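Thanks for coming. I will keep this short and stay with what can be computed from the coordinates.

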Amino acid sequence: MRAIKLLFALVALGLYGDTSAQTSEIRIIANPNVDASEISREELLRIFLITKTSLPGATHVEPVLETAGVSNELFLKEYIGRTNTALMTYYRSLMFTGKASIPKSFGSDAEVAEYVAKTKGAIGYVGLSASTARVKTLKVR
Amino acid sequence: MMHSISKSVMLAMLFAGTGMLHAQLLDFTVDGKPVQVHGFVSQAFTASDDNNFLTMNTSAGSFAFTDFGGNISVELTDKFRVGAQFYDRNLGQLGKWHPQLDWASGDYKFKDWFGIRAGKIKTVLGLYNDTQDLESLHTWAILPESMYPLDLRSTIAHIGGDFYGDIGLKRLGSLSYTAYAGLIPDDPYGGYVYGVKAYGFNVTTLGAREEGGDLRWNTPVRGLLAGLSYIDADSQGKGTEALGLPDTEHTKKYELSQFYVQYVLGGLRLDGEYRRTFLDEVTLNSYGPYETVLDNRAFYGSASYRISKWLEVGSYYSRFYLNWRGTLSNPDNHIYDKVATVRFDVTNHWDIKIEGHFMNGYGATDAFQGFYLQDNQQGLKPNTNLLIIRTGLEF
């Protein structure tokens, strides 16, 4: 009985985590060729799980990650709901079964911003202090 | 000598190296097309108290549990990718170092909701059927044998085609589907072909055609996934029986249904799966035609928790019933398995697992699910305690 109560509590926590408004300390960035100016949480999640590879106005989008760091932790916690280890395991499961390649990942905000700026359809995330002069910022709705 | 040591060190660095090494060596472009190369290897030591398990001499301690594989994939366009993977293993008397083409496919994604794969394709079935060989992806040294038997891998891949897609449901989450049809290739080094030899049967060909599908719902509750899978198959086998006379077998009905649920929250993961396999098979040989009807049931529940980047603990409880219509409490009709695991991630690409199995029952000597007559000629005991220490590298 206690186990069932615990399970319901965990599920409730999951629901709350998905719908509550949170103040983001990161910025979602995209290559300027991506027409969209905003993106839903659901679209962002599906893009980073590689089940969605297009957006209106962009025939192909690709996720770009940071390998570690504060921006990465905040992004995974707020938008993906998986630890870095769990997300890498997920990508490897796709790669080792022939379903997708592992997305590009970089060690810093600056490297992510630089790659997103030069790669059509790239979507990534950086901290608020990172330079975003050559990329566009997507509003998350 | 020094040369071979330095080669080993370089290989270890390649496997266990940093992300930078990974990025430079294994992710590159050829003529502007992105190419990725990856691989994996695992080695285990197993020891049991009485019964020998998985065709190994586990009662004396065995290292005969090795597998490895590698793949290459190329994104030819934004929508079209091709790739292939080989796989090889030696598991006691199974595999015997015969390399296989694990998968090789072309994949064209027209839209998010519609794509096609063709070639040899890993079969999507339940939570882990298509990834069961990838040691590094799982908490466990071995997945629940009731659901993903290491010795019976007939459902692991098919040669044919898949339709697949992902449909966003906005606030209701998303639905992912896969539908497929194809041929199941022969597995001459698998548990069935090995197991029937104890009864004097020599299988020369064994294959099947199958159609099936998988539907999974990523629910609006973050981390909660639910799904179902179904396979309808028609299996054909040929060989000789104990007297050396022809033996053929074919299925009148072969159906598999699986239901699953998964919940992930931070480092916590809970899995539950249930499978029913219904088999109605006709055998023709000198003993006359006879029909075998089996209604297998299997289920498990598991919980794992990642305590830190380098440490994960978990436990699962699994049950397998060879014949749901038989006496379920008999040790020759069931296998119950209580498991506890500790996983250490030494680096991002190297793990070590220590796992204890506490099993009751052996599911009949012709169930070919871990316990075999020829490996247990002293007779099978009702209980088996098993230790597995497994390490894996991937890049």
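Predicted model: local features only at pLDDT ≥ 70, side-chain atom pairs only at ≥ 80, totals over all residues.

Let me start with the second largest pocket. Its volume is about 1,300 Å³. Its lining comprises 50 residues, and those lying nearest the centre are B:L152, B:Y192, B:L279, B:E281 and B:F368. By class, the lining splits into 25 nonpolar, 15 polar and ten charged residues. Which elements of chain B each supply at least two of the lining residues? They are α3 (191-196), β9 (202-218), β11 (246-265), β12 (268-284) and β13 (290-308). Of the contributors, β13(B) gives the most, with six residues.

The largest cavity holds about 160 Å³ of space. It has 18 lining residues, with B:F65, B:Q132, B:D133, B:L150 and B:R390 nearest its centre. In chain B, β3 (65-75) and β4 (80-91) each supply at least two residues of that lining, and β4(B) has the largest share, four residues. The classes here are nine nonpolar, four polar and five charged.

Now the surface. B:W113, B:I167, B:L169, B:L172 and B:W217 make a nonpolar patch of about 480 Å². Take B:L169 as one member of the patch. B:L169 sits in the loop between β7 (157-168) and β8 (174-184) of chain B. Is B:L169 buried or partly exposed? It counts as partly exposed, because its relative accessibility is 30%.

On to salt bridges. Over all chains, the search finds 29 of them. I will pick out a few in chain B.

B:R209 has two partners to look at. With B:E211, the closest N and O atoms are 2.7 Å apart. With B:D232, the corresponding distance is 3.8 Å.

Another salt bridge joins B:R269 and B:D271, at 3.7 Å from N to O. B:D271 is at 6% relative accessibility and therefore counts as buried. There is also a network: B:R306, B:E312, B:R343, B:D345 and B:D351 are joined into one by salt bridges that share partners.

Last item, a helix in chain A. Why do I call helix α2 (residues 41-48) of chain A largely enclosed by the rest of the structure? Because six of its eight residues are buried. Those six are A:E42, A:E43, A:L44, A:R46, A:I47 and A:F48. After α2(A) comes A:I50, which has a positive phi, near 60 degrees.

Key: Residues numbered from 1 in each chain as written. Chains lettered and ligands numbered in written order. Heavy atoms only, no water. 1 Å grid on protein atoms, 1.4 Å probe; cavity = no way out; pocket = protein on both sides within 12 Å on 5 of 7 lines; lining within 4 Å. Points joined across faces, edges and corners; volume = space filled by probe spheres on them. Nonpolar A, V, L, I, M, F, W, Y, C, P; charged D, E, K, R; others polar. Patch = residues over 30% accessible without salt bridge, like charges linked within 9 Å, V, L, I, M, F, W, Y side chains within 5 Å. Areas by Shrake-Rupley, 256 points an atom, 1.4 Å probe, with all protein chains shown as cover. Salt bridge = Lys/Arg side-chain N within 4 Å of Asp/Glu carboxyl O. Buried < 20%, exposed > 50% of the residue type's maximum accessible area, 1.4 Å probe, protein only.
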